[in-house]
Every structure is written in structure tokens, then in C-alpha cells.
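The model is shown first, and my notes follow.

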Amino acid sequence: MIAFWVLAPIMVVSAIAMVMARKAVHCALLLAVIMISLAVLYAVQNAPFLFAVQIVVYTGAVLMLFLFVLMLVGVDSSDSLVETLRGQRVTAVVLGLLFGLLVVVAISQATLGSVVGLADASEQAGGNVKGIAALLFSRYVFAFEVTSALLITAALGAMVLAHRERLTPKPTQRDMVTQRMHDYATSGIHPGALPGPGSFARHNSVDTPALLPDGTVSELSISRVMRARGTVRDVSRDRAGEREIETESRQIEEGNT
Amino acid sequence: MSLLYLIVAIPAASAAVLLLGGRLADRWGHLLGAIAPIASFVVGLVAFVQLANGTDEALTQRLFSWIDVGSFHVDFALLFDPLSAVFVLLITGVGSLIHIYSIGYMDHDERRRRFFGYLNLFVAAMLTLVLADDYLAVFLGWEGVGLASYLLIGFWQHKVSAAVAAKKAFVVNRVGDVGMALAIMLMFTTFGSTSFEGVSAGMDQATSGTATALGLLLLLAACGKSAQVPLQSWLLDAMEGPTPVSALIHAATMVTAGVYLVTRSNFIYDQTEVAQTAVVIVGLVTLLWGAVIGCAKDDIKKVLAASTMSQIGYMMLAAGIGPAGYAFAIFHLLTHGFFKANMFLGAGSVMHGMNDEIDMRRYGALRGAMPVTFATFAVGYLAIIGFPGFSGFWSKDKIIEAAFGENLLIGVGALVGAGITAFYMTRLMLMTFISERRWTKEAHPHESSLVMTVPLIVLGALSLLGGVLLFNGWIVDWLEPVVGPEEHAELPIPATMITILVFLVVLVGAAVAFVLYGRDKVASNAPARVSPFTKAARADLYGDALNEVALMRPGQYLTSSLVYADNRGVDGAVNGLAAFVGGTSGSVRRWQSGFVRSYALSMLGGSALLLLAVVAVKLA
Amino acid sequence: MSTTPFLVLSAMLFGVGAVGVLVRRNAIVVFMCVELMLNAANLAFVTFSRQHGNFDGQIAAFFVMVVAAAEVVVGLAIIMTIFRTRRSASVDDASLLKY
């Protein structure tokens, strides 16, 4: 009981936060919190097998898949929180509240009777897992077999969808060289390696752009992902500070002389 | 097995070969086309001899069951009775001559094979018409000859006037055909049969109203096909077709189909005084109408066409008189078939020699250049005006006599018609063959080839001798099984007096023409300053204008107002409904925004609504 | 203990998940919200399993998990494919199928 009252607020808050979080990764992490809490609630309700499955399947597999796809896809797509469909958000919240309220009213009105509990059933079957297994391979065996077909189909489908057919032969090193020289000849793109990130006395990090000889920032040295995330370090202040230090040291030198 | 069917089958097969054979048949097509009606004629002659020597009233041959629906049976059967026999011989005999003539006349035409195909088609249809023993089969032939007439009038379809004339003939004939169709439907509903036998048997019990309705409807049909007032307007325009066509279809055979129909339906007309009177009036009006038009025309073929109209008026008049006139109607039909075909072919011969010039004011003094044509034409001329001894004399005289027997007024009308006929035919003769030459230098009038003159000579001989059919009252006796015994009405004046009177009137008519056209020079161009009567006659007595004012204009107004009502009313309602639905969909489809989230929102809304309903029901 | 609090919690999580589906535009986050809704339903299953004293509810929850796993695999593959061609993971951008 304590577990429920501790976890329930956490779950609700996490759920709301998940809906409102700006970054997809945060959503995934909050979802993980909810799912682990759910697993605990399963355990509390005499469902140890589901507890394990929830942890393994959801938190382990599904969420990892989510994060994996996020890494593949979601980096560039910054989710703007400005609503484009007129009235969508307000209507959604109102309807969601109405729906939840109605369900709660329905549940509170229902006469559920006393709780039977699973102690007897587990004892009879020789444990929770054995009980589930007995049911799964007798009454639900057909559904179970169909599910296996579904899983295989899903795996195949995902492979087909994600597979990209190579339509042209893979370029060799010679091809790439030719292409680079061609690009240089036609559009002046430098054939050499891109400039590395800037290194500064206080920093040696990829978030610092390299400076060109005239002091401007080399755009080529900034990672595309860093720019999309907006985490590129602003170096103008560093340069100002550098100049200050220069003047100070010069004054000191002049004072010394 | 009787060979009767061959009469129709031979020309029909020949037409099929000629029309479907294509260019393969170009070289020998005209020969096949000419042989077909001759073969039919031979078969017809054999049948005729068989009929004349046998004891049967008619030869019949049942070919096949045509329609067999419920209680309605129509057999396709051929009936070769005395009436059909004379028609078969006229059609195939005159038809053969005209076919032979056409070989020469159409010699220079690239589409001669097609022409012969159409002619054969016509002959087959016309023979179907006269050999059928059922009104429905008559109707088949009736439409067949209408089609052939349309195709042949418009044979030179590159000429706009020919195409228009063909269309006009077709459309005017449709009016008559509606009458025929309605008559057949009426027969079916009243008697349950459309065969001559069945209708004839049923007429005894029929009410006079039915008889009158049938008579008037059949008269309408006859008017359309025979160019009788008020459906006369197409015949003069039909002269746009090649001259052999005018001779065969629009003089000798097809236009007499109306007379055939009335005579064949004698069992109907004998029951109804009203319809008979209507036939007589139509005949009288048309004979005068055509004669008056004939006086004013300068186009040689149009004069002959007007004359045809007038002569068929005589036949209708005779047929309308009843048993006293049927035989003479057919007799005049035969003699007219001879002399009018003769004159039409003569006119064709003249045109052939004159570079297709048709204006009589450009002819004159052609008797020297074309002696054979002149001689045969003169025989036809004497026959049509009723010069004693010639075929037309015997037939027309009998009709006028019968007209006097019917009614003095009608008799006088027929008499006057004879005088006018003499006038315009004399005028034609004088302007074409006698008076001074008025042709231009380009014209080199010459006699036509033998293939054209021989038919002329044969027809000329028939025109001269056609009267022998009346010898000893043969034609009357011959037709008696079909039309019943001849009745002799009380004549107000003795028959001999009538004959002399007719001759005198004819002489007066011819003399007037001689005075007007024989002595003075004939103007090369038609005088413009003429009396209103001449103007009216030149304009076909305003028949077209009348049709235009009475039928065409109101029809056009009706159509345009219906089109307006259709566009605005019917279409407006339909289009308005469509626009309403379209507009509504246009605004409703905006809901289909393509945004998954709004769809999901409506799903959640729906679920909430359902849940609300469940909770509300449970709590209530 | 009574099962009602569990069910109320399940309803709340479900509602929050539904609102998330409607409000968020990033397809992956929408997917996560769908998962949240599924899990809320699972909680209800497990709770009812205890309520009635048999394992059928737990089996149902188990099947839901299996199906959800399959769905996630295919769904994420689809998202990847769309992203690959359209350079966007926003559900609003894929709105061509409309009037």
C-alpha cells in the first residue's frame, strides 16, 4: 500500500511532465520512470512474472529502441511547442480531463465487491509463473501461436521498411578522389579535410569553433549536430578577454620599464 | 415449290451483290443490275400466265413466320393476285427498260454500280410492297422504297440541292408513314390481325368510326408516298435525282404506291363514306394543284413532276369513287406508268444531249437533232393529253366519266384538269422541240445511243397501245376478284357527250398553248413581270411557304421554348441540386484535414461521448 | 487493499497519454504516449486479475506487451522511413492524404 501511495504521485507527475517535456530524450527517460514504477506495482499486485517482463521488454527493449531511433532521427527535429492546429490543445486537454473524469466516475460507481486476491490461485497452481504458463499453453495456446507469427511478421516488416536498397555501386577511393577534385574545380570546395575545432588556452573542446587568421569563426569547423542543438560556444567574449589580457600585460610591461 | 419468291429475291440479291461487292463489281455491276429486273419480269410473266390460265383467284406462297408473339401472328407470305400481278409486270417491265436506259444514261458516272445497286434495292422493296399479303409487310416495302427514294434523290450528294431534296422527301414521307404505322396499330388492336384477309374479314363487324379512322390514316400514308396535297411538296424537289430515278420512282412506280394502297384497302373504303369523300377531294385538289404548277415551270423535269402529281390526283380521284373507279384508277396508273416513264426518259435523253441543261427556255427546235426522242416523246404527249386512240385517252376518259357519275362538280374539276394538262404539255412540247432554237453555242444536241433509244421506242409503243388493256373490258374483269364488280352510276349526260366534251376541252387547252408559245418567240429568260397567278404557280402554289408558316416555324418555336425550359427548368433543378450537394461537400470535406491529430481528437471525443452515454444511462 | 486506487491511477495515466497523443507533434513522442496508454490499460488488467483471483488478466496484459513490442518495431521502422524521405518526424507534416 505504501508502495502505491509513494509511486502513484511520481507516476502521474512523470506522465504530465512527459507530455510537456520539450526534448524527446527527456520524454523517454520519464517514460522509463513510469514503466519501472508500473513494474513495481505489478509486483505489489502478485504478478511477479509481469514485473520481470515489464522490466525486460519495456524498459529494456522497447525504450532502448525508442532511444536508438531518437538518436537516428530526432536530433535535428526540435519539437516546437507552438500549437499549429487551432484549438487542438485546449480541446485535447478538456476532452482528456472529461474522459478521465468519466472513467473515474464509472469506476467509483461500480460495485466491485471484495478483492479475491491471487494467493489461492498461486498456491493451487504452484506459483505465479506456473499458473500463467498453465493457462498460456492450454486455454490461450492458439493466441500464443498467433502472437509468434505476429512477432516474426513484425520483425520482417521492420527489416523491409528500414532496409535501403543500394542502387549504385559503392564508390571506391578513386571515385571519391575524382569527385573531390571535380567539386574543387567546379565549385571551389576545398578538397582537403575540414578544419578541426578551435583549441583555446582554456578549452580544448568540440564546442569551440576554429578561428580563421582574421579572427572570424570558421563555419566549417562547427559540427552540424552542435549547431542544431544550439550548444556552440560563443567565442567573441573569449576574444575580448584575450585582448584585455594582452593590454594588461602590455601595461605591466610598460610599467616595468 | 412456287418460284414466286424469286420475283423479290432476284433484285434483292443483286442489290446485295452490287452494294457489298465494292469495286470488284464495278466492271460488270451495271449488267447484273439490268439483268435482275428482267429476270424478275420473266418470273412475273410466268406467274401471270399461270394466274390467267388457272382457276385460282390468286397465287400465294408462305415464306416464313415473321412475328409470333402471344396472340399476334404475322406470316411473311407473298400474294400474287390480279392486282399484284399488274403491278409486278409494270414494275419489272418498265423497271427493266429504265435499267437498260440507265446503262447509257449513267455511263459517265463513276458510281454507276452503286446507282444500279440502289435501283435494284428499290425494285426489290417495291415488289415486296405489292406482293405482300399483310399490311406489316407492305409497310416493310413501303419503308424500303422510301429509303431507296432517299438514296437515289440524293445520289449526287455533292450537290447541296440534291442532299436537301433527299432529306425533304424523307421527312415529308415520314409524316405519311406515321399514318401507315398508326393504321397498322389500329388494325392490330381492333382485329388482332394485320393481314389483308384478317382485316377484310374483320371489317364486317367494325364500327363506321374504325373504318373512317383507318381510311383517313391510310389516306395520310398514301398522300405522303404519292405526293398528294397536303404532303405534295417533296415531289418537285425530288427531280434533283438522276432522270431514270425520276422516271422509275417518281413517275411510274413508287408514287403510285398510294393508289395501290387505297385500291388494295377497298374493303375498308367501301365501309366509310367519309374517307372515300376525303380521297376524292384530295385527288381533285391535287390534280388541279399539280396542273396549275405545271403551267408555270420552265424546268422540264419539274413540269413532268407536276404533271405526275396531277395524274396521280386523277388516280386517287378514281380510287376514291369506289367500285366504279378502282379498275380505272389502276388502268390509268398503268398507262401513266408507260407514257410518263417514256416522257421522263425522253427528257433525260434531251438533257443528255444538251449538256444537262434543264431549262426549256434554252431548248427549242430539237426535233431535228433528236428525231427518235422527239417521236417517242410526241407519242407520250398525245397519250397524256388524251388524244383519241392513245392509251391516256382511254384511261382518263373513263375516270372523268366516273367523276361525272359521282358528282357534277367533281366531273367539271376533272374536265378542267384535262384542259390544263393539254395546255402545259403542249407548252412543253412547243418550247422543247418545235419553236426556234435558243441553245447556246456550247450545246451540241445529238441523238442518244441505242441503249437509250430502244427503251424509249418500247415505251412509246406501250404509250400508244396501252389502251388495248381496256379492250372488251379486260382490265375491269381482271381486277374484279380484288376490287369487286364495277358499278355504273347514273350519268347526268351521256357517256359519248362526255368523251366529246373532254376532247373539245383538250383541244382548247392545246390551242391556247399554241397561241401563246407557238407563234411568238419564246423568251430565253423567264419574264420577271408576270401575273400573281404565275408567280404563285412558280412558287409551287406556296406549298413550301405554307408548310414553313404552319408547321416549321411553330415547331421551331416549340423546340426552342422546350430547349429553354429544359435548360433552365429541368437542368436548372438538377444542376441546382448538384451544386447544392457539391457546395455542401466542398465545405464538409474541409474536415478531412489530413492531420492525424485532429482525427485522433475526434476519436477521443467520440469515445468520451459513448462513455458519457453509458455513465448517464447507468446513473439515471 | 482495495483495487479502486489502482484503477483510478490507470484512468489518469490513460487520460494523460491520450492528451499527449493529441498534443505532441514529434512522432516518436506520440508513440511514447501510445505506449503509456497501453501500460495504463495493462495496469487495469493486472488489477482486475487480482480483483477476480485468477491469472486471465495477467495473460491479457502479457499479450498486450507482446503486441505492443511488435507494434513499436514496425511503427519505429515506419517513422524512420518517413524521416528518411521527408527529413521530418512531425506527424503534422505527413498530411497529404486530405481533401
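I counted a salt bridge where a side-chain nitrogen of Lys or Arg lies within 4 Å of a carboxyl oxygen of Asp or Glu. The model is predicted, so I noted that local features need pLDDT of at least 70 and side-chain atom pairs pLDDT 80 or more, while totals for chains, interfaces and linings use all residues. Residues are numbered from 1 along each chain as its sequence is written, chains are lettered from A in the order written, and side-chain values use heavy atoms without hydrogens or water.

Asp56(C) lies in helix α3 of chain C and Arg139(A) in the loop between α6 (128-136) and α7 (141-162) of chain A, so the pair joins two chains; helices are DSSP runs of H or I, at least four residues, numbered from the N terminus.

Arg438(B) is buried at 8% relative accessible area, and Glu436(B) is partly exposed at 27% (buried is under 20%, exposed over 50%, partly exposed in between; 1.4 Å probe, protein chains only).

**Chains C and A.** I recorded 66 residues from chain C and 84 residues from chain A in contact (heavy atoms within 4.5 Å). The count between these chains is one salt bridge. Helix α3(C) gives the largest share of the side of chain C that touches chain A, 22 residues.
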